[in-house]
Amino acid sequence: MKILSKIRYRLCFNRAHRLNRQGEGLVQIEMEMQGRRRYLSTHVYVRPDQWQRGMVVNHPLSDQLNYALQRQRMAVEEVELEFIRRGIQVSLWQMQDAVRRQLSPSARLYDFGRAMTQDSDRREHTKQGYMTLLNSVERFRKGTLVTDVDYPFLQAYEQWMHGQKLAHNTIVSRLRLLRAVMSEAMRQEIVSKNPFDNFRIGMMQPRRGYVTADNLERLEQLQLVGREAMVRDAFLFCCYTGLLFSDFISLRSHHIADGWIKKEMVKTRFTVEIPYRRLFQGKAQGIIDRYHTIEGLSMNIPSNALTNVTIRKLMKLIHQEGNITFHSSRHTFATLLSQQGVSLDAIQQMLGHRSAQTTQIYRERDRSTLTAALDGGERRPIAVGE
């Protein structure tokens, strides 16, 4: 049986011999093993005359501070003990890193997930998704540890989300994010097995709603003003171009040139190229002209949630059935083009469903192929209702 070395812990004061402006020094936790030392901050500062024999004295909050300092020291040691229970010899620098980044078996899932997300190069909207997940788990079971997440936990959490009346796709999305967190915990050797190995996550349910060609024309003819008019026009623009909401609100004039929209998608970083003037009789250009620049519309649209409230109201006015949201514009784009005989490959390219590397390599050739597919043997724009 392997014998593991044990770290010794003690509280030390003002090791750097430097006081702050209030004349206070920092209290640290010293970790010592085999003559080597590492230090962790307690974020507690006291004056030199308030520290004697490893304790805070002559301070209005002496008892509270001493209690807090001992709790911190014990919490650090508990991290080491968790590694020891698993037979892992942890070094001083590993201990320091584990405590600072919440990478220990005794870490709260919230702290671990937040550190994992903040230390990554993930996009901001992805980080927000992780934080939404972590807040959700905290509401489900406050103080959940990384090691608490097992198969029964996942079952109970999924059932709880159903009880919260969350949409199916929302539940699937959160479970997928939680699976990524646990995969990272496994890579960090915090857990020895990923509980998702035996837990089945459901499939995303496709949003099949789209606006029919006739109703799209009725939507165009509505006499609207203010926010309703702008939301209608933004929705129509994306019906004509296939852009996601996140790509539309970040669309700028420099993305548009020579009848093409060329833009890196916010969520996937794929570059899409859309010959918008050749689609739907060039109606997207008419919307740009109405606002003089695309920024006149794209920078003045409310949040996705508020936009969807308005869209649902507009759908009632034109008697469009189904649960139509802003994302339905993308399905409308694909469905109507498919009905007009545009190839699936061309539609996929415009929607950005191909790899970024392939699109980049074959950019010019793809443009030629796409133009030919849109021509269909004749040089004419595709229009709704042809």
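Which residues are buried in helix 5? Phe-153, Leu-154, Tyr-157 and Met-161 are. The sections below place them in context.

## Model and confidence

This is a predicted model. The average pLDDT of the protein is 85, and 88% of the residues reach at least 70. Residues 355-366 stand apart: their pLDDT stays under 50. For this stretch the model has eleven contacts beyond four places in sequence. Where pLDDT is low, predicted coordinates should not be read in detail.

## Helix 5

Helix 5 covers residues 151-163, 13 residues in total. From first C-alpha to last it reaches 19 Å. That is close to the 18 Å expected at 1.5 Å a residue.

The buried residues are Phe-153, Leu-154, Tyr-157 and Met-161. Viewed down the helix axis, they fall within an arc of 95°, so they line one face of helix 5. The face turned away from the buried side carries exposed Pro-152, Gln-159 and Gly-163. Cover for the buried residues includes helix 4 (124-140) and helix 6 (168-187).

## Helix 12

Helix 12 spans residues 304-317.

Six names make up the buried set: Thr-307, Asn-308, Thr-310, Ile-311, Leu-314 and Met-315. Down the axis of helix 12, the buried residues fall within an arc of 165°, so they line one face. Ala-305 and Lys-316 are exposed, on the face turned away from the buried side. Among the elements covering the buried residues are helix 7 (213-221), helix 8 (226-241) and helix 9 (245-249). After helix 12 comes His-319, with a positive phi near 60°.

Three strands form an open sheet in the order 1-2-3, with antiparallel pairing. Strand 1 (8-13) and strand 3 (36-46) are the edge strands, and each pairs on one side only. Neighbouring strands of this sheet are turned by 25° against each other on average, direction ignored.

Strand 2 (residues 25-33) pairs with strand 3 over nine bridges, in the antiparallel sense. Gln-28 has Ser-41 of strand 3 as its bridge partner. Met-31 stands opposite Arg-38, also in strand 3. The two strands form a hairpin with two residues between them. In that turn, Gln-34 has a positive phi of about 55°.

Helix 1 (residues 62-85) lies across strand 1, strand 2 and strand 3. Helix 1 runs at about 150° to strand 3.

Strand 6 (residues 256-257) and strand 7 (residues 260-264) run antiparallel, joined by two bridges. Ala-257 stands opposite Trp-260 of strand 7. Two residues lie between the strands of this hairpin. Asp-258, in the turn, has a positive phi of about 55°.

Strand 7 also pairs with strand 8 (residues 271-274), antiparallel and through four bridges. Here Lys-262 has Glu-273 of strand 8 as its bridge partner. The hairpin of strand 7 and strand 8 has six residues between the strands. Arg-269 in this hairpin takes a positive phi near 65°.

Technical notes
Residues are numbered from 1 along each chain as its sequence is written. This is a predicted model: local features need pLDDT of at least 70, side-chain atom pairs count only at pLDDT 80 or more; totals for chains, interfaces and linings use all residues. Side-chain values use heavy atoms; hydrogens and water are left out. The expected span of a helix is 1.5 Å times one less than its number of residues. Buried means under 20% relative accessible area, exposed over 50%, partly exposed in between (1.4 Å probe, protein chains only). The arc is that of the directions from the helix axis to the C-beta atoms. Contact means heavy atoms within 4.5 Å. Two strands pair if DSSP finds at least two bridges between them. Axes are lines fitted to C-alpha atoms, for helices over the stretch in contact, and angles run from 0 to 180 degrees between N-to-C directions. pLDDT is the predictor's confidence in each residue, from 0 to 100.
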